[in-house]
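Have the sequence and the model open beside it, and take the points in order.

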Amino acid sequence: VAGAFSGATLVPSLLLAARATVSVCAAVARHAKAPVSEFQAPSGVRNFQEMTLGYTSDIAKNNLGESLYRPWVPFVTTIFLFIFGSNWSGALVPWKFLELPEGELAAPTNNINTTVALSLLTSVAYFGGGLARKGLGYFARYVKPTPILLPINILEDFTKPLSLSFRLFGNVLADELTVAVLTFLVPFVVPLPIMALGLFAGSIQALIFATLASAYIAEALE
């Protein structure tokens, strides 16, 4: 568990997950560029791309509204796909059994440094969006509906990234530890249902993170 709070597990697995995510997205984008007849329904890779983009666009649209969501679709899609890929890599691959000369491998979201970085990136996004839309008038939200709530409103901006990061980190860490222990005790059979549950939980965590990020951005823009 201590490795989850250090940089030992971070760089190799983070680079692997980031590279895999970029490679898959690039391959999908290349195949999706193939010309399609105006009267032909999309299929194969193009259908997968449209389904994924439609799903993440709906996340942004449901939180930001029709008039504001489009500029934020790339951010929400990137966050969702990276967390989704990282969580699935942790659920499918028994990283902890792949030994390194120093440190250990794990899903990137199994490291608190990664989840904090994603949370801070979300904070920068909604602060930047609020300032770009409202200018210095953005800070008036801290004294609404009454100046008495100023400390609470400021504290809320610190608790948002904390809750995002520790929720994601805790769920992924617990799932990986459960799979590792069961694989060590009863290989091949018993861990399979837990791995399937980990895939489902990893998908839900990606959805929750992307949804909360969209909601925080919407709150800053309203």
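Predicted model: local features only at pLDDT ≥ 70, side-chain atom pairs only at ≥ 80, totals over all residues.

1. Let us start with Gly130, which belongs to helix H4. Gly130 is buried, because its relative accessible area is 0%. Leaving aside residues up to four places away in sequence, Gly130 touches Gly135, Tyr138, Ala220 and Leu221. The C-alpha atoms of Gly130 and Ile217 are 7.7 Å apart, although 87 residues separate the two along the chain.

2. Now look at H4 as a whole. Its 23 residues should span 33 Å at 1.5 Å a residue, and the C-alpha atoms at its ends are 33 Å apart, so the two values agree. Among the buried residues of H4 are Ile112, Leu118, Ala125, Tyr126 and Gly129, as well as Gly130. Just after the helix comes Gly135, with a positive phi of about 70°. Gly135 is also one of the residues that Gly130 touches.

3. The secondary structure comes to six helices and zero strands, and from the N terminus on the elements run α-α-α-α-α-α. Of the 222 residues in the chain, 38% are buried. Among contacts with a separation of 6 or more, 71% are between residues 24 or more positions apart.

4. How many aromatic pairs does a search of the whole structure find? It finds ten. In one of them, the ring centres of Tyr55 and Phe80 are 5.6 Å apart and the planes stand at 55°, so this pair is tilted. Tyr55 is in helix H2 (residues 44-64) and Phe80 in helix H3 (residues 73-92), so the pair links distant parts of the chain, 25 residues apart.

5. A second aromatic pair brings us back to H4. Phe127 and Tyr138 are edge-to-face, at 6.0 Å centre to centre and with 80° between the planes. Phe127 lies in helix H4 and Tyr138 in the loop between H4 and H5, so the pair ties together parts that are eleven residues apart in sequence. Phe127 is partly exposed, with a relative accessible area of 26%, while Tyr138 is buried at 1%. Both belong to one aromatic cluster, together with Tyr126, Phe139, Tyr142 and Tyr216.

6. The charged end of Arg141 sits over the ring of Tyr142, 5.3 Å from the ring centre. Likewise, the charged end of Lys160 sits over the ring of Tyr126, at 5.2 Å from its centre.

7. Next come the salt bridges, and the count is five. Arg141 and Asp157 meet through their side chains, at 3.6 Å from N to O. Arg141 lies in the loop between helix H4 (112-134) and helix H5 (150-185), and Asp157 in helix H5, so this bridge ties together parts that are 16 residues apart in sequence. Asp157 is buried, with a relative accessible area of 8%.

8. Which other residue forms a salt bridge with Arg141? Glu219 does, with the closest N and O atoms 3.2 Å apart. This pair links distant parts of the chain, 78 residues apart, with Arg141 in the loop between H4 and H5 and Glu219 in helix H6 (residues 191-221). Glu219 is partly exposed, with a relative accessible area of 26%. Through shared partners, salt bridges join Arg141, Asp157, Lys160 and Glu219 into one network.

9. Another salt bridge is formed by Lys61 and Glu66, whose closest N and O atoms are 3.8 Å apart. Lys61 counts as partly exposed, at 29% relative accessibility.

10. Please finish with H5. This helix has 36 residues and reaches 53 Å from its first C-alpha to its last, close to the 52 Å expected at 1.5 Å a residue. Where does H5 bend? The bend is at Phe158, by about 25°, and a proline, Pro161, follows within four residues.

How values were computed
Residues numbered from 1 in each chain as written. Heavy atoms only, no water. Salt bridge = Lys/Arg side-chain N within 4 Å of Asp/Glu carboxyl O. Buried < 20%, exposed > 50% of the residue type's maximum accessible area, 1.4 Å probe, protein only. Helix = DSSP H or I, 4+ residues; strand = E, 2+ residues; numbered from the N terminus. Expected span 1.5 Å × (residues − 1). Bend = angle between axes of the 7 residues up to and from the residue. Phe/Tyr/Trp six-rings, centres within 6.5 Å; stacked < 30°, edge-to-face > 60°. Lys NZ or Arg CZ within 6 Å of the ring centre and 35° of its normal. Contact = heavy atoms within 4.5 Å.
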